[in-house]
Amino acid sequence: MRKFWYLVSYALKKRVKTKSFVIANIFISLAIIFVINLATIISAFGGDFSDVETVYVFNETTNESAFDYFTASHDEANSNTKFVLKVNYDSSAESIQGYLEEVSSYIVMFDGENGFEANIVGDDISLTNQIMYSSYLTYTKQMIFLETASPEVVSELQNFYTAPKINYVQASELTNNDKTLRTILGVASMFITLPIFIMLIMLMQFVGTDIIEEKSTRSIEIIISNVSPVQHFGSKILSSILFLLIQGAVMVVASLIGMGILLLTNQSITSLTSTGMSGSEAITSLVGGINISEADISGFISQIPFMIIMTVLFIIAGFLMYLIVTAVAAAMATNMEDYQQFFSPIMLLMLAGFYISIFGVMFDGATFIKICGYIPLISPLIAPNLIITGEYSIIEAIISLLILIGFDGLVIYFGIPIYRTSILSFSNEKFFQRIKKIIKASKDSK
């Protein structure tokens with residue numbers, strides 16, 4: 001056992017105590033903190049989106065309510081633009097210069113030859129503001145017209161622009177609120193699938209390159225003369241899992257630091273955490289105008305422990321499966337070219353699972369997506385998404401997990417004999433011919 005733990009610690013130190021690992025994790029940690037606090041960082045360098053821009057609006061029309069119509073749909077409390085009513089517009093160059101020294105742009109509404117018109121004066125007016133001004137001015141023109149139009153014309157126009165009455169009849173057990181929540185969760189689950197996918201690739205490269213390096217330098221002969229192939233196999237798997245835990249811990253710590261900085265610098269979030277709100281009330285406040293009831297959010301919060309447990313179990317079982325497959329493939333190869341021939345199809349399969357998981361939310365309730373969640377080779381990437389979005393019931397999630405665990409058992413049962421037989425094989429035969437001989441030899445050795 002001392003030799004086994006020496007192999008585990010040696011493989012782990014070989015990866016962790018390198019400059020590349022330290023530098024990479026420094027950059028990863030800084031990137032995580034940067035992304036979480038991106039808005040705060042932009043604000044610190046003069047990009048404070050909370051600054052309110054004042055825009056003068058000169059009402060030179062004969063309608064005293066024009067400014068009220070213009071600002072009727074403007075929510076000043078939640079906008080970075082403030083409109084101020086002005087009268088007695090002076091079009092002289094000196095006055096225009098004075099206006100532009102006070103504000104970056106202003107609007108002049110007046111009665112033109114063809115009715116209501118407006119001039120927007122300013123430099124570098126953003127496209128967003130142009131669209132907003134156009135919308136407000138269009139509404140102002142319509143309201144001024146309706147003031148002078150006959151009741152018959154007003155009635156006809158109101159009937160023309162009124163949307164038809166639409167009755168939504170819910171045929172399933174899901175409410176519209178629940179569907180909205182599931183859509184949001186589907187988008188959020190993408191941020192879980194991506195780290196799983198990245199960590200899988202890292203671990204497979206970790207195991208594969210380590211074994212290939214030992215075989216290419218023939219140091220594997222010395223190692224196997226001191227420990228059994230099974231012990232060597234177990235040390236690779238365990239050291240990879242420990243490396244995953246270390247890497248994951250670094251990312252979690254960086255995320256917590258980033259969230260801590262965000263909470264300290266973002267007053268709106270701080271106010272939510274200091275009001276004594278329940279979890280569902282805080283989430284309801286954060287999602288704002290999205291139509292999600294507090295009951296739906298409370299129901300989701302109650303399912304979080306199950307989601308976390310099942311996601312962790314899928315990650316453990318899935319990572320174990322891929323690590324065993326990778327170790328066996330690397331043992332059968334004699335160089336990196338051979339290993340890549342085997343690794344490439346596995347990589348394509350993982351990419352398929354990744355994209356199915358990512359885009360699965362677009363096909364709500366699709367049978368194909370749910371079936372893919374039962375396929376062991378891709379279920380670690382798909383099933384957590386289906387669990388989080390509620391596409392899998394508890395029974396379905398457990399069945400998928402049991403299938404994956406059963407497949408792990410088969411991979412271990414057939415993989416260890418192949419590993420034992422091939423770890424000291426340095427044959428120069430073609431890769432797939434070598435695989436056939438190794439598999440046949442492993443059956444005879446049982």
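A: Two strands are said to pair if DSSP finds at least two bridges between them. Strands themselves (E, at least two residues) and helices (H or I, at least four residues) are DSSP runs, numbered from the N terminus. The model is a predicted one, in which local features need pLDDT of at least 70 and side-chain atom pairs count only at pLDDT 80 or more, while totals for chains, interfaces and linings use all residues. Residues are numbered from 1 along each chain as its sequence is written, and side-chain values use heavy atoms, with hydrogens and water left out.

The chain as a whole has 18 helices and four strands. The sheet is open, has four strands in the order β2-β1-β3-β4, and shows mixed pairing. At its edges stand β2 and β4 (115-122); each has a single partner strand, so one side of each is left without a neighbour in the sheet. From one strand to the next, the twist averages 20°. For such angles, axes are lines fitted to C-alpha atoms, for helices over the stretch in contact, and angles run from 0 to 180 degrees between N-to-C directions.

The pairings may now be taken in turn. In general, strands of a sheet pair through backbone hydrogen bonds, either parallel or antiparallel. Here, strand β1 (residues 53-60) pairs with strand β2 (residues 81-86) in the parallel sense, over six bridges. Within this pair, T54 has K82 of β2 as its bridge partner. Strand β1 also pairs in the parallel sense with strand β3 (residues 105-112), over five bridges; there, N59 has M109 of β3 as its bridge partner. The pairing of β3 with β4 is antiparallel and extends over eight bridges. In this pair, the bridge partner of S105 is G122 in β4.

Helices also meet the sheet. Helix α5 (residues 93-102) lies across β1, β3 and β4, and runs at about 135° to β3. Helix α6 (residues 127-148) packs on the sheet as well, touching β1, β2, β3 and β4, where contact means heavy atoms within 4.5 Å. The direction of α6 makes about 160° with that of β4.
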